[in-house]
Amino acid sequence: MKTRLTDLLGIRHPVLSAGMARVSQADLVVAVSNAGGMGCLGGVSFLPEALRAEIRDIKARTSNPFAVNLLLPEVLTSDDDASWAPVSELWERLSPDDRTKLKGVEALLTKGAVQGQVDVVLDEAPPVVILTFATPREFIDQCHTRGILVGALCGSIGRARTAVENGADFIIGQGTEGGGHTGHVGTMALIPGLVDAVDVPVAAAGGISDGRGFAAALALGAEAVWVGTRFIASDEAYGHESFKRRVVEGQSKDTVLTKSYTGKPLRALRNEWTSRWEELSGEIANFPAQYAVAGTLVETGYQDGDLATGMMPAGQGIQTVTEILPAAKIVENMVTEAENILHRLNQRA
Ligand SMILES: Cc1cc2nc3c(=O)[nH]c(=O)nc-3n(C[C@H](O)[C@H](O)[C@H](O)COP(=O)(O)O)c2cc1C
């Protein structure tokens, strides 16, 4: 399946595994890239030197293209004490055990760490960087100077236009069906709008978990798919077995858009914690201060399989995720199924 994105990225299959915090580590990235798609590292979860080690590990295990995702909202790159105070106070209050548990978000809770991630990425120069929340022109220029391609994850046409003006090489449109932090527009409506609004290639994300979603995304004008939730239920994804099982057994209606973990809208599996905060929504703090309220719960879902209160980001696409598979098999199944569908539809035409 040749598209402008397979050409631009130098990959065989237009299937990109999403850069998921905690879940997308070297094993998953290498497996997807070696299967002909493109794996993306969830860079947000690593302190700068740990990020460098993870990138070098990936480079040692694949010569195929891969990407690194960074979250660059101003609040994380600013060194304004006021916005950091609630988070720093949390960090000070935590026991050593809890700090260990929060290793995965330490970079988000440590002033200057995100800037450190930026420096490491410019130093290590992975083939592709995927930006979320903000697309600073200066950083994109620095990437291009080093031959790094830049993609931008966007939930709205406005953000996509800004990203392209700032130099992004392609756009990933994430519909509200998607797991993790997400917007309010559905994939079916967002993707055609993005394709009409920007000249660069667009990849589709949000609720795409098999070849049917893949074929539909291509019909909407997308030139690749960016897939998260489906890859949670893979052998190589990081995550407690109970979390993966919950994704396999879950239904779309089991997910909810909640600010109760981070202060920003995030699609996750509904549980006692999200339900409790539905009644208290007026009291939710902003991003990243709500991390200080949720504390270790932002990690106990991934790490301990804490289904009752732990954060378990997942999208509505869980409906069609029915088994845990090797990541390479997920890529192969998605491509084969999409090709069969497109062939069948062509026959009918
Ligand atoms: C467990 C999980 C963690 C995520 N973490 C991030 C992240 O760190 N950065 C980011 O840009 N998107 C993140 N996302 C969103 C994905 O990049 C992607 O856009 C989304 O998963 C696509 O929708 P889908 O889950 O329906 O496939 C995350 C999603 C999930 C499910």
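The structure is a predicted model, in which local features need pLDDT of at least 70 and side-chain atom pairs count only at pLDDT 80 or more, while totals for chains, interfaces and linings use all residues. Residues are numbered from 1 along each chain as its sequence is written, and side-chain values use heavy atoms, with hydrogens and water left out.

The protein contains 18 helices and 11 strands; these are DSSP runs numbered from the N terminus, with helices being H or I of at least four residues and strands being E of at least two. Its radius of gyration is 19 Å, close to the 20 Å given by the globule rule for 349 residues, so the protein is as compact as a globular protein of that length. The radius is taken over C-alpha atoms, and the rule is 2.2 Å times the number of residues to the power 0.38. Along the principal axes, the C-alpha atoms fill a box of roughly 65 × 45 × 40 Å.

Among contacts (heavy atoms within 4.5 Å) with a separation of 6 or more, 65% join residues 24 or more positions apart. The accessible surface comes to about 13,700 Å², and carbon and sulfur atoms hold 50% of this area; areas come from the Shrake-Rupley method with a 1.4 Å probe, and for residues only the protein chains shown count as cover.

Helix 8 covers residues 113–124, and its 12 residues reach 16 Å from the first C-alpha to the last, close to the expected 16 Å at 1.5 Å a residue (1.5 Å times one less than the number of residues). Nine of the 12 residues are buried, so helix 8 is largely enclosed by the rest of the structure. Among the buried residues are Val114, Val118, Val121 and Leu122, and also Gln117 and Glu124. Ala125, which follows helix 8, has a positive phi near 45°.

Most residues other than glycine have a negative phi. Arg22 has a positive phi near 70° and lies in the loop between strand 1 (15–17) and helix 2 (26–34). Arg22 is buried, at a relative accessible area of 12%. Phe133, also not a glycine, has a positive phi of about 75°. Phe133 sits in the loop between strand 4 (128–132) and helix 9 (137–145), and is partly exposed at 21% relative accessible area.

Key
Buried < 20%, exposed > 50% of the residue type's maximum accessible area, 1.4 Å probe, protein only.
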